[in-house]
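Here are my notes for a colleague starting out with protein models. Have the structure open beside you and go through the points in order.

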Amino acid sequence: MLAVKAVGLTKHFGRSVALQDCDLDLPAQRVIGVVGPNGAGKTTLLQLAAGLRYPTSGSMVVLDRSPRADAADLLPRLAFIAQDRPLYGDLTVAETLELGRQLNVRWDPAYARARVQRFRIGLDARVRGLSTGQRAQVAVAVALAKRPELVLLDEPVANLDPLARLELLEELMAAVAEGGMTMIMSANAIADIDRVCDYLVILLDGKVRLAGDIEEITAQHRFVSGPRELSFGDAWETVDARAAERQGTWILRAVMPAEPIASNDGTVVRPASLEEIVLAYLRARVEVAV
């Protein structure tokens with residue numbers, strides 16, 4: 001089963017293109033990371049999946065439903081947390097959870113209360129008086145207490161200190177493992193994707209540049225360092241190349257079965273890390289634009 005299927009998905013804001021002709025098949029019960037530079041379309045993709053915006057053209061199906069035509073059926077099954085984690089500042093934490101109970105038919109009150117109390121967040125505390133990390137934890141508690149099948153997170157750990165960042169990611173991973181839900185999160189920090197995700201989407205200029213299982217993606221790519229005159233044949237696509245006076249470094253992607261690249265005469269060949277792969281695609285995009 002697919003959590004999200006997009007065909008020719010396009011979204012324009014006036015003359016600005018947020019997404020253009022995107023095709024995606026995102027598997028269910030996975031943790032999916034969406035990366036790309038600012039303006040690549042990450043937030044727009046999540047908003048379209050949540051039914052907060054509608055495509056200019058193309059189609060999107062979420063949990064076998066249309067976010068537009070089947071909103072009443074779909075909304076109880078998904079949760080969306082925006083980057084600014086909007087909550088009512090004048091409400092207490094207890095009032096926030098009670099509002100969640102009244103608005104969600106699948107609400108789990110015991111889970112919601114236990115979760116905020118685990119992080120020593122007082123139920124009588126007003127939301128506006130909470131720290132950034134505490135507000136993030138309350139927002140996630142509200143989202144997960146819906147017991148959704150799909151959770152959409154727009155940079156969930158943005159502006160958090162390192163400890164709050166780690167605690168939030170660990171909590172999200174535990175929820176996915178416990179409930180078998182699908183999580184799709186956008187992020188700017190590659191380390192966060194590497195820590196929790198098993199599926200990757202790279203968006204560049206509103207288009208899908210790469211999508212797939214992270215283990216398969218890393219298996220397809222190589223880091224090579226050696227003499228500038230090295231060549232690699234048709235079996236390898238050069239994603240990014242760096243050249244000094246005599247030496248060069250490359251990130252290569254296998255496009256067909258090929259013989260291993262020889263590691264000799266000062267040439268180093270090894271699997272590329274996820275960070276090297278993502279940065280190679282982003283860097284190549286910047287150079288093409290220049």
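1. One term comes up again and again, so let us settle it: a contact means heavy atoms within 4.5 Å. Please also remember that this is a predicted model, where local features need pLDDT of at least 70, side-chain atom pairs count only at pLDDT 80 or more, and totals for chains, interfaces and linings use all residues. Residues are numbered from 1 along each chain as its sequence is written, and side-chain values use heavy atoms, with hydrogens and water left out.

2. Start with the whole chain. The protein chain has nine helices and 13 strands; helices (H or I, at least four residues) and strands (E, at least two) are DSSP runs, numbered from the N terminus. Along the principal axes, its C-alpha atoms fill a box of roughly 65 × 40 × 35 Å. Among contacts with a separation of 6 or more, 67% link residues 24 or more positions apart.

3. Now for the surface. Of the 290 residues in the protein chain, 47% count as buried. Buried means under 20% relative accessible area, exposed means over 50%, and partly exposed lies in between (1.4 Å probe, protein chains only). The chain exposes about 14,400 Å², with carbon and sulfur atoms supplying 50% of that area. Accessible areas come from the Shrake-Rupley method with a 1.4 Å probe, and for residues only the protein chains shown count as cover.

4. Have a look at Arg85, which lies in the loop between strand S5 (78-81) and helix H3 (93-103). Is Arg85 buried or exposed? Arg85 counts as buried, because its relative accessibility is 9%. Leaving out residues up to four places away in sequence, Arg85 touches Thr132, Ala136, Ala139, Glu155, Pro156, Val157, Ala158 and Leu160. Between Arg85 and Leu97, 12 residues apart along the chain, the C-alpha separation is 15 Å.

5. H1 is mostly covered, as eight of its nine residues are buried: Lys42, Thr44, Leu45, Leu46, Gln47, Leu48, Ala49 and Ala50. Just after H1, Gly51 takes a positive phi of about 80 degrees.

6. Stay with Gln47 for a moment. Its relative accessible area is 17%, so Gln47 is buried. Which side chain does Gln47 join through a polar contact? The partner is Arg53, at 2.7 Å. A polar contact is a pair of N or O atoms within 3.5 Å; within protein, one must be able to donate a hydrogen and the other to accept it, and residues adjacent in sequence count only if both atoms are side-chain atoms. Not counting residues up to four places away in sequence, Gln47 touches Leu52, Arg53 and Phe80.

7. Leu152 sits in strand S6 (residues 150-154). With a relative accessible area of 0%, Leu152 is buried. Setting aside neighbours within four places in sequence, Leu152 is in contact with Leu46, Ala49, Ala50, Ala79, Phe80, Ile81 and Ile184.

8. Next comes a pair of helices. Two packed helices are described by the angle between their axes and the distance between the axes. The axes of H5 (residues 132-144) and H6 (residues 162-179) come within 10 Å and cross at roughly 10 degrees. That makes H5 roughly parallel to H6. On the H5 side the contact is made by Gly133, Ala136, Gln137, Val140 and Leu144, and on the H6 side by Ala164, Glu167, Leu168, Leu172 and Ala175. Axes here are lines fitted to C-alpha atoms, for helices over the stretch in contact, and angles run from 0 to 180 degrees between N-to-C directions. Angles under 35 degrees count as roughly parallel, over 145 as roughly antiparallel, 65 to 115 as roughly perpendicular and the rest as oblique.

9. Gln29, in the loop between strand S2 (16-27) and strand S3 (31-35), has a positive phi near 55 degrees although it is not a glycine. Gln29 counts as exposed, at 59% relative accessibility. Asp64 is in the loop between strand S4 (57-62) and helix H2 (71-74), and its phi is near 65 degrees, a positive value in a residue other than glycine.

10. Finish at Asp213 in strand S9 (residues 207-213). Asp213 is buried, with a relative accessible area of 19%. Its side chain reaches the backbone nitrogen of Glu215 at 2.9 Å.
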